[in-house]
Amino acid sequence: MLFTSMSVHGFVPEDFQISTIIPIPKGKNANLTDSDNYRGITISSVLGKVFDLVVLDKYSDHLVTSYLQFGFKARRSTNMCSMVLKETIAYYVNNRGTAYCTMLDAFDRVEYAKLFRLLLSRYLSPVIIRVLLFMYTHNTARVAWNGVVSKHFVVLNGVKQGRVLSPILFCVYFDSLLTKLANAGYG
């Protein structure tokens, strides 16, 4: 009833939008006094994750991305991606060619307007898009550190860290770029 109500009204309870970022040291031997040695891990609402699973179950056929994407897919892994990268570089090195590579780790760079236009172009249910749009445009976070929690702040871009649907939305966001690159015939 909660998810149906959210879909009908296009409104999401505040608890769905609040995330807590917890800094985690990047390594066992990291200098803990240097803020660059931490990565933020985000804890999100469990009900939000359940909502994501429902969306994936009902609309996964609208969220399919290129076979060239390795991340966040069944029977695919980053190890496979690394192997393809190594083999590609080896091919060019062995044939005295030149290889160029770009790495993207841009969860926090996703622009909402573009993401939701892409979801509309994939014919994802407008009702679901409206709920997701509300979730993203009302997204807030706070930082927990040493037992102290900061005030909430508005998150203006990026997919929601710690959510089940976020990696899929990230893949959808970059899928058109990957398809254009593949069709360009440059590699």
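A pocket here is an open set of grid points where a 1.4 Å probe fits, with protein on both sides within 12 Å along at least five of seven lines. Keep that in mind as you click around, and remember that this is a predicted model.

**Stop 1: the second largest pocket**

Start with the second largest pocket, which has a volume of about 470 Å³. Select Thr42, Phe107, Asp108, Val159 and Gln161: out of 19 lining residues, these lie nearest its centre. Now colour strand 1 (18-25), strand 2 (38-43) and strand 3 (140-145), the elements that each give two or more residues to this lining.

**Stop 2: the largest pocket**

Next, go to the largest pocket, with about 1,600 Å³ of space in it. Pick Leu68, Cys81, Cys101, Thr102 and Leu178, the closest to the centre among the 32 residues that line it. Which elements give two or more residues to this lining? Highlight helix 4 (78-94) and helix 7 to see them. Helix 4 gives the most, with eight residues. Colour the lining by class and you get 23 nonpolar, eight polar and one charged residues.

**Stop 3: helix 7 meets helix 5**

To see the contact itself, show side chains for Lys114, Leu115, Leu118 and Leu119 on helix 5, then Leu169, Val172, Tyr173 and Ser176 on helix 7. By class, that contact has six nonpolar residues, plus one polar and one charged.

**Stop 4: a salt bridge**

Last stop: salt bridges. How many are there in the model? The count comes to two. For one of them, select Arg163 and Asp52, whose side chains meet at 2.8 Å, N to O. Arg163 sits in the loop between strand 5 (153-154) and helix 7, while Asp52 belongs to helix 3 (residues 46-59), so this pair ties together parts that are 111 residues apart in sequence.

Terms used. Residues numbered from 1 in each chain as written. Predicted model: local features only at pLDDT ≥ 70, side-chain atom pairs only at ≥ 80, totals over all residues. Heavy atoms only, no water. Contact = heavy atoms within 4.5 Å. Helix = DSSP H or I, 4+ residues; strand = E, 2+ residues; numbered from the N terminus. Nonpolar A, V, L, I, M, F, W, Y, C, P; charged D, E, K, R; others polar. 1 Å grid on protein atoms, 1.4 Å probe; cavity = no way out; pocket = protein on both sides within 12 Å on 5 of 7 lines; lining within 4 Å. Points joined across faces, edges and corners; volume = space filled by probe spheres on them. Salt bridge = Lys/Arg side-chain N within 4 Å of Asp/Glu carboxyl O.
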